[in-house]
Amino acid sequence: MTDEAVAPRVGWKRDVAVFLSGQTVSMFGSMLVQYAIMWHLTLETKSGLVLMASVVFGMLPQAIVSIFGGVWADRLNRKWLIIAADGSIAVTTLALALFMMSGYSELWLIYLTLAIRSTGAGIQQPAVMALIPQLVPGEQLLRVNGIFQSIQSAMMLIAPAAAAGIYAAFSIVAIFWVDVVTAVIGIGFLLLIAVPTVRAVVDSGYFADLAKGVRYTFTHGFVRWLLVLFAIVFVLTVAPSMLTPLMVVRSFGEEVWLLTANELAFSIGMLGGGLLVAVWGGLKNKVITVLAASVLFGVLTVALGLSTNMWVFFAFMLLVGVAVPFFSTPSTTLLQERVEPEFQGRVFGFVGVVMATAMPVGMLVFGPLADVIRVEWLLVAAGLLTLVVVAVAAAVPGGRRAIAQGADAPPAAGIAEPEPA
């Protein structure tokens with residue numbers, strides 16, 4: 001790593017403000033497109049199979065590319081990597097807008113656009129997260145990351161309402177144009193800051209490092225147990241939750257504001273849950289907190305399926321959002337406490353892969369079923385299966401060890417104590 005990359009930056013507050021401003025604008029446009037395409041496909045097709053395909057094309061490429069994206073972010077200039085990825089996404093969205101303006105709106109074209117945007121995100125997101133420490137002094141890193149997280153939560157509240165307004169007043173094409181403009185603005189902000197290239201000292205090849213990470217992840221008892229729980233919970237709760245817009249349209253009405261209310265209820269709940277975690281922190285035993293949140297996911301998924309009143313349904317969606325930080329925040333903290341620093345990047349990389357692939361895998365099952373079975377029944381079945389999985393996870397030896405160690409103080413100097421495989 002060059003001295004320039006690690007030396008204190010003059011004017012870092014200005015650079016961070018410019019960077020976060022650009023990322024906020026770009027993120028806003030991306031979220032508009034995310035909601036608009038989901039609603040467009042829901043309203044136009046009312047097909048679970050179509051929604052399944054959109055999730056697969058929209059997430060699976062990111063899961064695959066992110067494995068390489070982290071390596072590229074360490075070896076190439078992160079600023080130009082972000083610009084290239086964001087620019088490619090904008091060009092792809094512009095092409096889709098032009099095709100749809102000419103009257104061509106075949107599903108395969110939308111799927112291709114989703115796949116290219118997902119590929120770009122797999123390159124962009126690791127570079128964004130790796131660039132922040134280059135701009136921010138170490139003692140301010142936690143604060144700046146917290147600000148960035150708050151911005152993301154705020155966008156989840158603002159974007160659905162804005163997308164609904166633009167979609168209702170104009171069309172989905174107008175949202176694509178907004179995304180192109182916001183991408184150009186985001187790139188413009190990024191061009192205003194200087195970011196040196198960081199070249200890590202590498203004593204082995206990429207695939208050798210990847211193999212070491214795989215061996216570590218799947219031979220570390222606690223990490224393996226938590227990742228398996230992550231994967232199953234995401235398949236059984238997150239994937240079926242993607243069908244809630246379909247349930248809203250089929251059971252409560254086709255108005256866009258209903259789809260917006262569904263997203264807002266979840267987002268408001270997640271923001272409130274995040275604030276509650278920040279103030280309270282959950283139970284002393286973080287593993288029990290994770291398991292309790294998983295149980296709550298199961299109960300609330302069943303409740304969603306049994307809801308016959310629209311407002312009761314939205315209330316349960318809000319509670320699902322509240323539960324999310326009580327699952328994700330202690331899970332992340334546990335991994336930070338128990339994984340050696342030199343393996344944390346690769347372990348969290350696998351966490352990202354699990355999160356990105358579990359939903360498409362779940363939709364491969366639940367999406368086609370939603371065209372032959374009522375979404376309500378699928379939600380009830382998924383919720384009950386989640387409760388069974390949590391009970392098994394807590395009862396197996398790895399789960400019992402995890403619970404017993406869940407309240408322990410983190411090992412000294414950030415080095416994890418060895419655990420049985």
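I count two residues as in contact when they have heavy atoms within 4.5 Å. The model is a predicted one, so local features need pLDDT of at least 70, side-chain atom pairs count only at pLDDT 80 or more, and totals for chains, interfaces and linings use all residues. Residues are numbered from 1 along each chain as its sequence is written, and side-chain values use heavy atoms, with hydrogens and water left out.

Entry: the whole chain.
I looked up the secondary structure and found 16 helices and zero strands. Helices (H or I, at least four residues) and strands (E, at least two) are DSSP runs, numbered from the N terminus. Of the 421 residues, 50% are buried; buried is under 20% relative accessible area, exposed is over 50%, and partly exposed is in between (1.4 Å probe, protein chains only). I then looked at contacts between residues at least 6 apart in sequence, and 87% of them join residues at least 24 apart. The accessible surface is about 18700 Å², with 71% of it belonging to carbon and sulfur atoms. The areas come from the Shrake-Rupley method with a 1.4 Å probe, and for residues only the protein chains shown count as cover.

Where does Ser-47 lie? I found Ser-47 in the loop between α2 (12–45) and α3 (48–75). Ser-47 counts as buried because its relative accessibility is 13%. Leaving aside neighbours within four places in sequence, Ser-47 is in contact with Leu-246 and Asp-371.
Gly-253 follows α10 and has a positive phi, near 135°.

Entry: salt bridges.
I took a salt bridge as a side-chain nitrogen of Lys or Arg within 4 Å of a carboxyl oxygen of Asp or Glu. How many salt bridges does this rule give? The count is four.
Asp-371, the other contact of Ser-47, forms a salt bridge with Arg-250 at 3.5 Å, N to O. Asp-371 is in the loop between α14 (341–369) and α15 (375–395) and Arg-250 is in α10, so the pair ties together parts that are 121 residues apart in sequence. Asp-371 is partly exposed, with a relative accessible area of 36%, and Arg-250 is partly exposed at 39%.
Asp-179 and Arg-117 also meet in a salt bridge, 2.8 Å from N to O. Asp-179 is in α7 (residues 172–191) and Arg-117 in α5 (residues 107–135), so this pair ties together parts 62 residues apart in sequence. Are Asp-179 and Arg-117 buried or exposed? I found Asp-179 and Arg-117 both buried.
In the salt bridge of Asp-15 with Arg-14, the closest N and O atoms are 2.9 Å apart. Asp-15 is buried at 6% relative accessible area, whereas Arg-14 is partly exposed at 45%.
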